[in-house]
Amino acid sequence: MSLRTTLTRSLRASSARQPIAPSTRVLARSFSKPTNSVLSAEDEEKSRAAYEKHRLEVEPKLASVDEHFTFQEPKKWKNDDPGHDVVGPGHGKHTKRTLASLSMDGKVCVVTGAARGLGNMMARTFVESGASSIAIVDLNKADAEAAAKDLADWFVKHGEAEEGEIHAVGYGCDVANEDSVKSTFSQIESEFGGRIDSLVSAAGIVENFVAHEYPTDKVKKLMDVNVMGSWYCALEAAKRMPEGGSIVLVGSMSGSVVNVPQPQTPYNFSKAAVRHMARSLAVEWAKQNIRVNCLSPGYTLTNLTKVILDNNPVLRDEWLHRIPMGRLADPSDLKGTVVLLGSDASKYITGAEIVVDGGYTCL
């Protein structure tokens with residue numbers, strides 16, 4: 001007996017047992033059969049008018065780009081500003097029982113874009129979670145070396161490591177240049193015993209121009225850093241993961257939504273590329289036990305964000321009122337995610353994107 005026959009008999013039996021109220025019969029006829037009646041000209045006009053009052057066009061307040069919000073990548077940063085807090089809530093080692101697989105103890109970690117900002121915070125987070133071998137990679141060698149020294153000294157000064165316990169080395173590398181990336185990863189391999197366990201590709205840039213005024217050379221540079229930089233670093237790290245490992249590509253919520261009001265189309269499609277790169281490499285390298293995931297932050301209060309908001313004070317409130325949690329992320333809000341993805345606690349997670357945005361992309 002077919003499913004259709006069974007359902008038909010069931011409905012007939014139900015109808016026989018339960019009489020249908022007259023009002024229900026009217027509704028059933030109205031909505032189950034097309035009407036054959038022809039409206040009069042007067043009724044047609046009334047019907048049209050009833051719809052017409054809702055056919056409005058407005059200037060959207062929450063879903064449009066404001067061409068006034070432009071931004072260029074700063075050429076210099078304050079040397080003493082790591083771009084995030086290093087003390088306070090969310091910082092410091094845990095002294096209670098915790099999941100052993102979340103420990104980074106014994107792992108060789110590489111973080112790009114780590115002289116300041118989110119990359120620097122992620123490098124410090126790996127050390128907080130037990131790592132003692134950390135490569136700090138950034139465009140300027142002096143900045144990377146200073147960040148590595150500051151990281152090691154900070155943990156000693158605050159009693160969280162012994163002198164010489166943390167092996168942190170800074171490397172100058174242009175991630176947009178394949179030869180520079182290859183040379184840097186060869187140096188890291190030699191320095192840290194021939195292997196890499198965890199890579200976080202956090203180097204990236206953002207600039208805001210309306211599409212028709214976005215200089216082509218700047219679009220190409222942005223793509224070279226954000227997309228090709230992630231690609232080159234992922235390839236070189238994977239070569240040095242003979243027993244598997246973790247690669248975390250830092251994307252953005254902008255890779256899956258168009259956040260407004262600032263115009264930033266090239267940045268958005270660069271992060272969309274990073275997002276899908278992670279998924280594609282995850283499938284390709286799964287049999288090698290190399291996990292590739294994407295960590296996508298929302299608006300986060302780093303030194304870069306502070307510069308943007310200092311130049312555009314109105315923008316802060318525009319952002320805040322679009323975030324369900326009503327605040328910007330602190331860099332420390334990303335700590336748990338980067339440790340999860342970088343550690344053995346995520347040994348069956350690959351090709352995933354974790355969005356840390358306070359609910360922004362839910363709307």
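Mentor: Lys239 and Glu236 sit three residues apart, about one turn of the helix, and both belong to helix 7 (residues 216-239). Helices here are DSSP runs of H or I with at least four residues, strands are runs of E with at least two, and both are numbered from the N terminus. The model is predicted, so local features need pLDDT of at least 70 and side-chain atom pairs count only at pLDDT 80 or more, while totals for chains, interfaces and linings use all residues. Residues are numbered from 1 along each chain as its sequence is written, and side-chain values use heavy atoms, with hydrogens and water left out.

The two residues form a salt bridge, with 3.0 Å between the closest N and O atoms. The term means a side-chain nitrogen of Lys or Arg within 4 Å of a carboxyl oxygen of Asp or Glu. Buried means under 20%, exposed over 50%, and partly exposed in between, with a 1.4 Å probe and protein chains only. The pair also belongs to a network of salt bridges that links Glu189, Glu236, Lys239 and Arg240.

The structure has 19 salt bridges. In one of them, the side chains of Arg322 and Glu318 meet at 2.8 Å, N to O. Here the Arg322 end is buried, with 11% relative accessibility, and the Glu318 end is partly exposed, with 27%.

Another joins the side chains of Arg124 and Asp150, at 2.4 Å from N to O. This pair links distant parts of the chain, 26 residues apart: Arg124 is in helix 4 (residues 117-128) and Asp150 in helix 5 (residues 141-157). Arg124 counts as buried at 5% relative accessibility, while Asp150 is partly exposed at 40%.

The axes of helix 4 and helix 5 come within 11 Å and cross at roughly 35°. Axes are lines fitted to C-alpha atoms, for helices over the stretch in contact, and angles run from 0 to 180 degrees between N-to-C directions. The residues in contact (heavy atoms within 4.5 Å) include Arg124 and Val127 on helix 4, and Asp150 and Trp154 on helix 5. By class, this contact has six nonpolar, one polar and three charged residues. Ala, Val, Leu, Ile, Met, Phe, Trp, Tyr, Cys and Pro count as nonpolar, Asp, Glu, Lys and Arg as charged, and the others, Gly among them, as polar.

Strand 1 (residues 108-112) and strand 2 (residues 133-138) run parallel and are joined by five bridges; pairing requires at least two bridges found by DSSP.
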